[in-house]
Amino acid sequence: DVDGEEPASQLVDPSMVGSQAETASLCVSSPGDGDTSGGVWALPPAGRLTVMMFGMTGAGKSALGNLIAEDAVFCAGDDTASVTNLSSVMRYEATDGSLVVLDTIGLGDTELDQDKVVASIRDTALSAPMGVDVLLFVMQHARITDDAIARLIYVTEFLWGQECLLNLYVVVTHASRYLARKDEAIAWIDRQVELNWRFKHIYSLVGRNPNRFIFVDNPDPLSEEPMIEERQRASREAIMKALVLHPRDVVPPFTHKMMREAAKLSAEQIKELELRIREEQELHRVDSTGSLATNTTPSRRDPKAPRKRRISKREKTKDDLQMAELREKRALARQKREEAERALRKRLEEVKASAEFRSKTEAAATGATAGFQLRFGEGPDSARTAQGGTSNAVAACKRMLASLTKSLRFPVSGGSTPRDAKPARKGGRTAEKTDKGVSPRRWAELARENSQESLMPAHTSPEEADMTLDAILCGLSLRLHGVTKELFERHAGSLSATLSPMAFIQLLDAVDPGISKEQIGGLWRRGDKNCDGQLDFSEFRDLFSNGASISKQAE
């Protein structure tokens, strides 16, 4: 257990594996979001959901990636054609274009230094210039270390920025017991929040929503443990269910500034790829008759419904010919999409070799570490428990700072520093430039004095972002007072129906045209507590009732 109360791994009860698999296979995904044909959660072809895994070495990232890919691609190295190896990121793409999986190797190293940070920023930008839909923080069902929590804080708040938190899920590995029993999983989460400040911080990053925790039990196929196939199948259904139901329409892909830079430098190739993806998606949305395909999730037949008439042999032959033609069109569309992907990869290799891109990457890494140093490097180092452990984030981050800044300089000119920066003054006189450079605080000041805030962007903590969203929610709650039910019925169709992500966007756009995509995504995350990709009326009502409560407390 995270707090050390329970063993880190338990063998699963056979009856529980069956019930978990059955639950996943019987859930219905929203039309167009995915498919559960044959009782398996599956992403739509050409949907290109981009998933990035991060966490400490040994947490189970590679095993999780192999589980998602249904092949040992993240253990096979360069010999696997479907995996692209960069120095700090491994990238897998499904052959049907449904999924891209990134494994951030470098960020999980025990001793994280600045060179690894630079490589990680560069390689994630080149691997996902169009953004990341889903971030998976992978942690073992075991004690959370200071290294793990410090790494999580650095990556989410400083390296990528708090905007990535809307896309964040927590995957707990070696957790067979909680994979099978959701009620016990939620009770375990509640207990950890009470007992462990590190876990409480992780919980806050996913909006204090237990449904953004995914429990998996993914045993090694060579371990000879009992029921390996059943346990792997249940684990894959749990992770694929979360990916299928991820609300892509309302939660925009996360991008950091180097992803946006890579996208700008390869805009022509990205535009071509997006066109080819749309063409392939359209062909997968039609059936053999040329009509839009509906969700093919299996359902029980209504015994009172009239039986369908038999299809004649001539009609069947016609359908077969149309389906063959459709398959041919899909194959051609896939070929064109793959050609566009190759052209983009070639262009990104050119971007990687660019001195300007390299310089900007180094600047972004330096800015992230400077912010981290300013936040945690100057705080007290005495926050220790009676047992010698840390009791808050400042103390936990001290050790990581030592390795992160060991070889890092904040020089006053050149490379990743502000252009034309003047050295600091001592006693009214200009200080000389030295090999040691300047302090991170002075480096940040110089960046702002020279109008280069992009090198040292203002840091927004998750707590500050929550306060901003609270204010927006208060304003919306006041506007919706007395018309909540009417608005829901107008956009959902009835009180017994649900709001889709697109309907939620339309509703909020009508109420407040100035609201941003990220703010809409943040509100959706607060409302969709069960993470099923829909808002029922109770969730919708509770969302804006909470906004009204916040407004009264503020008064």
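Predicted model: local features only at pLDDT ≥ 70, side-chain atom pairs only at ≥ 80, totals over all residues.
Reader: OK. Which residue does the side chain of Glu 261 meet in a salt bridge?

Author: A salt bridge here is a side-chain nitrogen of Lys or Arg within 4 Å of a carboxyl oxygen of Asp or Glu. For Glu 261 the partner is Lys 264, at 3.6 Å from N to O. Both belong to helix H9 (residues 257-265), and being 3 residues apart they are about one turn of the helix from each other. By the way, helices (H or I, at least four residues) and strands (E, at least two) are DSSP runs, numbered from the N terminus. Lys 264 is exposed, since its relative accessible area is 56%.

Reader: How many salt bridges are there in the whole structure?

Author: A search finds 28. Take Arg 334 and Glu 338, whose side chains meet at 3.1 Å, N to O. They are 4 residues apart in helix H11 (residues 313-352), again about one turn. Arg 334 counts as partly exposed because it has 34% relative accessibility, and Glu 338 gets that label too, at 26%. Salt bridges can also share partners: Arg 48, Arg 91, Glu 93, Glu 280, Arg 337 and Glu 341 are joined into one network that way. Another bridge links Glu 184 with Arg 177, at 2.7 Å from N to O. Glu 184 is partly exposed at 25%, and so is Arg 177 at 31%.

Reader: What about rings? How many aromatic pairs turn up?

Author: There are 17 in the whole structure. Rings of Phe, Tyr and Trp (its six-membered ring) pair if their centres lie within 6.5 Å; planes under 30 degrees apart are stacked, over 60 edge-to-face, and the rest tilted. Tyr 154 and Phe 372 have ring centres 5.0 Å apart and planes at 65°, so this pair is edge-to-face. Tyr 154 sits in helix H4 (residues 146-159) and Phe 372 in helix H12 (residues 355-376), so the pair ties together parts 218 residues apart in sequence. Tyr 154 is buried, with 0% relative accessible area, and Phe 372 is buried at 0% as well.

Reader: And what is the arrangement of the rings of Phe 540 and Phe 544?

Author: Edge-to-face, because their planes are at 65°, with centres 5.0 Å apart. These two residues are 4 apart in helix H19 (residues 537-554), so about one helical turn separates them. Both Phe 540 and Phe 544 are buried. Rings can also group: Tyr 178, Trp 188, Phe 199, Tyr 203, Phe 213 and Phe 215 make one aromatic cluster.

Reader: Now strands. How many residues of strand S6 are buried?

Author: In S6 (residues 168-173), 6 of 6 are buried. In a regular strand, side chains alternate between the two faces of the sheet. In S6, Leu 168, Val 170 and Val 172 point one way, while Tyr 169, Val 171 and Thr 173 point the other. S6 pairs with strand S5 (residues 134-140) in the parallel sense over 6 bridges; strands pair if DSSP finds at least two bridges between them.

Reader: Last one: which residues does Asp 103 touch?

Author: Contact means heavy atoms within 4.5 Å. Leaving out residues up to four places away in sequence, Asp 103 touches several, among them Met 53, Lys 61 and Phe 74. Met 53 is 50 residues away along the chain, yet the C-alpha atoms of Met 53 and Asp 103 are separated by 5.1 Å. Asp 103 lies in strand S4 (residues 99-104) and counts as buried, because its relative accessibility is 3%.

Technical notes: Residues numbered from 1 in each chain as written. Heavy atoms only, no water. Buried < 20%, exposed > 50% of the residue type's maximum accessible area, 1.4 Å probe, protein only.
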